[in-house]
Structure formats: C-alpha cells, structure tokens
Amino acid sequence: MDFGNYSVGFKHYTVSDSTRTYSRIYDFINQKIPRPIPISIWYPSRQNTNGKKKLKVLDYLEILKEEEEWEHLPNEQILKWFYYANTPENQEHLTEITKAYSELEFGNNKFQVVIYTPSYQASSIENFALCEYLASHGYIVISSPSRGTETRWFGRNNAKEMETQARDVEFLIKEASKFPIADSNKITTMGFSFGGLANILAITRNDKIKAIVSLDGTERYQYGLLQKSPFFEPEKVDVPYIHMAQKDIPEQVLKEDNIDPELNSKFQLFDSITNSNAYRLKFENLTHSYFSTLGVLFGQRDKRQDKNDSEIMESYKLVSVYALNFLNAYLKNDESALKFIEDHTLDNGIKKGLLTKQSKKANSQNFTFKDFNELALQQDYNNLYELYVATKKAHPMMEIPESNLNTLGLQLVFNPNTSGQGIHVFLLATKLYPNSANLFDSLGEAYLFMGNKKKAIESFERSLKLNSHNPNAIDRLKQLKE
C-alpha cells in the first residue's frame, strides 16, 4: 500500500466505563468490576524515528492475548490457541515488521477521527494494517475489542450485544475528545462484519459521526437484527455511507453450508437509505474474512471460493484506497477524492472484474436547513453565499426559510463567542431576502449589540424603508441619532 507522509504512532492502554459492570470469565469468581475498555490508537506523528523500532506482528498479537484475557499465555501458543493454523508460514508472519512505532509524539495538527469497530468478539487490532495506513495519511484511528455485555464472550441475545458494542463506540467518541490533536467533531465509524451493526445504531444518536465505512458489515446480512433495536430508524442514517462487500458466495458453498442465497443480492438497509449519499462496492476476489488484516495474514483459505494470496492482497489494498478516498471526500472536502469515489472503477485504473460499484444520491427533498447549517458550521460560517449556491446546485429542492435564518442569526449574535458568525448569517439572509424589513431590523440589532452604531443605523434605515411602520426601527433610530 502507498503509505502517507506521517510516521505512525501506536498506543495501547485500558480504561474503565464505571456505568457498566463486567466479569473476567476465566477468573471463575463472582466479582463484578467496572467494564474494562482496552484501547488501541494509531495516530500521525512528525517525530524523527531514527533509532526507533517498528512493531512486529507479534506485538499486536500480544494485545490480542490481553484482550482475550490470556495475557500470560506463552507466545509460542498464540497461533493454535487463537483460531489460526500454527504453520511455518504463519510463524513467519509473526516476525514481520509493521509500519507503526510505539509511543511516538503526536503530530501538531488537528486530525479527524476514525472509530474502528471489530467483528464478532474480535480484537481491537484485527485490522492493524488498515489502521496504520489511515494514520499515515493524517487520521487518528481508535479501537476497542468486540466484547460481550457481561463477559468477554457474547451471550445468546445478539440484539443486546449489538447495543453493547454501540455503547462502546460512544465511549470511544468521548475518549477521542481527550486527545488535543483530535478533531472530535468530525468522526467516522468504520466497522468490519458485526461491527457494522453497532455503527448503524451509533449514528442514530450521535451527531458527531459524519460518515460510515462498512467492511462487509453485517447490517447487510442481518437487517432483522437491526430492526430489533428500539433505536434503529432508517431515515436517521443521514451521513455518507459506503459498504464494501465480499464476492457473491458460490452456489456450491451456499448449498454445502446451508446459506440463504438471498445474501448475495438482498440489502434492505442500502435500499432504505434516502437521506445521504450511499455506495455499494463488491470485491470479486475477496471473501468475508479478508476484510481484516488478521484474516489476510492468517486465515485458512477455502479452496471452494478463495483466490490466491496475491489476488487477495491486491483487493485488500483496494479496500484501503477506497476507505481513504471516502474519508478524504467527506471529512476533508477533497474534490479529487470525491471524484475517485464517484467515478466508474475502470476510470480509476482498476482492472475489469476486480470490483463493481453502485451508488445513490441523497433525496434533495430531504436536505434540510439543519443539513445546511451543519455545513455552515464546519466552515465557521464563512463564505455562506458561496456555500448556499453550491448546496442549492446539489440539492435544488432545498429550502432556507427566512425565519430560521433570523433565529439562527440572533442566537449566534447574542453569544459573545459567536457574534461575528451571526453577522455572516444575517448578511446571507438579507441577500436571499432583500425585501425583508424584519431581517434588516434584526441585522440592526446585531450591529447595535456589537457596538457598531454606523452599521446599525444603516440597517434600521433599510428596514424602515421596506416597512415605514416598523416601530422598533423608528425607536432605535431615534435613540441612535440623539
């Protein structure tokens, strides 16, 4: 993969959520403790790395041991203990050097945040290569393991476990805000498999989440599970969404493994999304487990459907590239990245047969004043008319009510910390509604609040010209001209 210009720092530590309880299952005692949240974080750094050692794959698997509550397990037991074949090839993978350094200094900029949610009962480090890649391109990636509500393991109620993981996502959002380099108002959730379900729930109640990346997320395959949640409402999936899926499951595998053939075609969540731009990608050389680093490195190949190692790796790199461009497009407003996401795969130089893509635009009728205000807030209420023109072009049915602009402008102006932003809102409002005596009256009040009597007089005079019976403008002008 083409890593970015930042060195990648990595930290791992554990904090506790005192609002929930938990039991270490292998301690075989009844003691309840605050829910432990092991955290892995990858971040951009400009520190000189001369003389510093990069992490090995084994270093990550030692974190897997800790999260599985087998922290004292001898390293030579790791592979066969944790689901992977103890082959000479896999032993060699353990010694491979990664891109991350332990405990580097944080970069000096503000960086957008990606919350990574692992697959069913999986480790925070299951996709370490993708997390390193994103950090090298200027993102903070923070992850915790997929753990059950009561213990390390999930119970029989997957709806409850889905909600638990969604609450873990919300915990990580708060944790991210503690890092001074984190732009915690621009967060993306990125989940693999079962983690995709938690991310859909999290977006329904977290306005800081601005986009969703799904790595063959289970929201495609278990829509019924989502519907069991009292928090799930399809219309609340109102941020850009990309789902990257495995190849169609071969008929032989469907029959032998008793899999519903509809899994190859049915995607109720995608079909229900109307309030955001949404993308479906299908990677013809990937089966489900290869959307994670550990799957690519250690997964046992299924001769009935898996491609060879080089083909799998090629597509895994493509997953990373699409994830990065999607983040750049919607978190950094990068036009070239958006073009990459929107273009046909062949136009992006991707060989025919590797990848197919579908997309859908947000319903313009559903683009509201709140959506416009979100965009305005992101640019600190500067250049609002240019934003209005661009947004109106993309969403012709968008309405910007005069009353909403008036209320927003006053709310901002009367807060001493945002008075200038309120003036910008009123300047847009009076440009869109040049015959509104009320808006010019409010603009006069705004200038008066800020101590600009000259501008206040001009605004009240304009209001009076539009409505000669405006008592407030008459009184204010009398006071100001005395």
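What is the relative accessible area of Glu342?

A: This is a predicted model, in which local features need pLDDT of at least 70 and side-chain atom pairs count only at pLDDT 80 or more, while totals for chains, interfaces and linings use all residues. Residues are numbered from 1 along each chain as its sequence is written, and side-chain values use heavy atoms, with hydrogens and water left out.

Glu342 has a relative accessible area of 26%, which makes it partly exposed; buried means under 20%, exposed over 50%, and partly exposed in between, with a 1.4 Å probe and protein chains only. The partner of Glu342 is Lys361, with which it forms a salt bridge whose closest N and O atoms are 3.0 Å apart. The pair ties together parts that lie 19 residues apart in sequence, because Glu342 belongs to helix 12 and Lys361 to the loop between strand 11 (355-360) and helix 13. Lys361, at 56% relative accessible area, is exposed. A salt bridge here is a side-chain nitrogen of Lys or Arg within 4 Å of a carboxyl oxygen of Asp or Glu, and helices (H or I, at least four residues) and strands (E, at least two) are DSSP runs, numbered from the N terminus. In general, side chains of opposite charge can pair when their charged atoms come close.

The whole structure holds 26 salt bridges. One of them joins Glu163 to Arg205, with the closest N and O atoms 2.9 Å apart. Glu163 sits in helix 5 and Arg205 in the loop between helix 6 (195-203) and strand 8, so this pair links parts that are 42 residues apart in sequence. Glu163 counts as buried at 19% relative accessibility, whereas Arg205 is partly exposed at 27%. Another salt bridge pairs Asp309 with Arg301, at 2.9 Å from N to O; Asp309 is partly exposed at 41%, and Arg301 is partly exposed at 29%.

Helix 12 (335-342), the helix of Glu342, also takes part in the largest pocket, where strand 8 (209-215), helix 11 (309-331), helix 12, helix 13 and helix 14 (384-394) each supply at least two lining residues. On a 1 Å grid over the protein atoms alone, a pocket is an open set of points with protein on both sides within 12 Å along at least five of seven lines, a cavity is a set of points where a 1.4 Å probe fits but cannot get out, and lining residues have an atom within 4 Å of a point. The volume of this pocket is about 1,600 Å³, where a volume is the space filled by probe spheres set on grid points that are joined across faces, edges and corners. Among its 46 lining residues, Pro240, Tyr330, Phe367, Leu375 and His395 lie nearest the centre, and helix 14 gives the largest share, 6 residues. The lining divides into 14 nonpolar, 16 polar and 16 charged residues, with Ala, Val, Leu, Ile, Met, Phe, Trp, Tyr, Cys and Pro counted as nonpolar, Asp, Glu, Lys and Arg as charged, and the others, Gly among them, as polar.

Helix 13 (369-378) also supplies lining residues to the second largest cavity, as do helix 15 (402-413) and helix 16 (419-432). This cavity has a volume of about 40 Å³, and helix 13 provides the largest share of its lining, 4 residues. By class, the lining of this cavity has 9 nonpolar, 1 polar and no charged residues.
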